[in-house]
Amino acid sequence: MARMRLQKLLSERGVASRRKAEDLIEQGKVRVNGHPAKLGDSADPYKDLVTVSGQKLPPSASFVYIMLHKPRGVVTTLQDEKGRRCVAELVRDAGVRVFPVGRLDRDSEGLLLLTNDGDFANAIMHPASHVPKRYRVTLRAAISDEQILKFEEGIPLDGRKTAPAELTVVSKEPERSVVEIVLYEGRNRQIRRMCEAMGLQVARLRRVSIGGVKLGMLPAGKWRYLEPKEVRTLVQA
């Protein structure tokens, strides 16, 4: 493939408009093979490594798929009327407007997907999809075998029993338990509400994977593009 002006390449990959791409180049956020780019530079997208704010260009010209490690205290919205910090601020340097796939409440943290692909988002969130979501949860109590059984069998919430879930005890002490929970549905604040119904208090809740795609070592507040194989894994899930 012939070389292409960087602003055109960034525009075609959905990172930014050509004008915004020029701004990113002037700000020193665009690099080609590790070297800062200048206005007028070009690259071969199949031979050169082009990065924007340290991130490789997304593989798709149409859609962008992002993994964000949402920190505690950040709300899963694009804009908040109360002036609270939003996830949109954390992915602003992606250069393209994306929206969250599902949500994590303000006090929860971990893996959050964002995209501009509506069909992909609907497939992940649709109740019939049953995409597994894994959480690491710290409780301020020792969980009992009876509570584990109730959690796995389902608990009535809003007049409807929750779907069967998986719960594995990672560690247990007299005043503290760490458990891993896998949900196959996504009701609002479901884990916290299930725990409250059993008299358990959640000290920390972190989502660590969705449909086989893992958060890994991505630092809190940082994001990266999903690899093509990760997108395929989620679609297949």
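Leaving aside neighbours within four places in sequence, K70 is in contact with T76, V87, L104, D105, R106, S108, E109 and G110; contact here means heavy atoms within 4.5 Å. K70 sits in strand β7, residues 65-70. Helices (H or I, at least four residues) and strands (E, at least two) are DSSP runs, numbered from the N terminus.

Before I go on, this is a predicted model, where local features need pLDDT of at least 70, side-chain atom pairs count only at pLDDT 80 or more, and totals for chains, interfaces and linings use all residues. Residues are numbered from 1 along each chain as its sequence is written, and side-chain values use heavy atoms, with hydrogens and water left out.

Back to K70. A salt bridge is a side-chain nitrogen of Lys or Arg within 4 Å of a carboxyl oxygen of Asp or Glu. Buried means under 20% relative accessible area, exposed over 50%, and partly exposed in between, with a 1.4 Å probe and protein chains only. A polar atom of the K70 side chain does lie 3.5 Å from the backbone oxygen of R106.

Next, salt bridges elsewhere. The count comes to 15. One of them joins R3 and D48, with the closest N and O atoms 3.2 Å apart. R3 is in the segment before β1 (4-5) and D48 in the loop between β4 (42-43) and β5 (50-52), 45 residues apart. R3 is exposed at 52% relative accessible area, whereas D48 is buried at 18%.

Another pairs E180 with R134, again 3.2 Å from N to O. E180 belongs to strand β14 and R134 to strand β10 (residues 133-139), so this bridge ties together parts 46 residues apart in sequence. E180 is buried, at 18%; R134 is partly exposed, at 32%. There is also a network of salt bridges linking R19, E22 and D23.

Now the aromatic rings. How many aromatic pairs does a search of the whole structure find? Two. Rings of Phe, Tyr and Trp (its six-membered ring) pair if their centres lie within 6.5 Å; planes under 30 degrees apart count as stacked, over 60 as edge-to-face and the rest as tilted. Y65 and F120 have ring centres 4.9 Å apart and planes at 70°, so they are edge-to-face. This pair links distant parts of the chain, with Y65 in β7 and F120 in helix α4 (residues 118-125), 55 residues apart. Y65 is buried at 13%, and F120 is buried at 7%. W223 and Y225 have centres 5.0 Å apart and planes at 80°, so that pair is edge-to-face too. Both W223 and Y225 are buried.

Last, helix α5, residues 145-153, whose buried residues are Q147, I148 and F151. They cover an arc of only 100° around the axis, which puts them on the same side of α5; the arc is that of the directions from the helix axis to the C-beta atoms. They pack against β13 (166-173), β14 (176-183) and α6 (190-197). D145 and E146 are exposed on the other side. Just after α5, G154 takes a positive phi of about 115°.

Key: A polar contact is a pair of N or O atoms within 3.5 Å; within protein, one must be able to donate a hydrogen and the other to accept it, and residues adjacent in sequence count only if both atoms are side-chain atoms.
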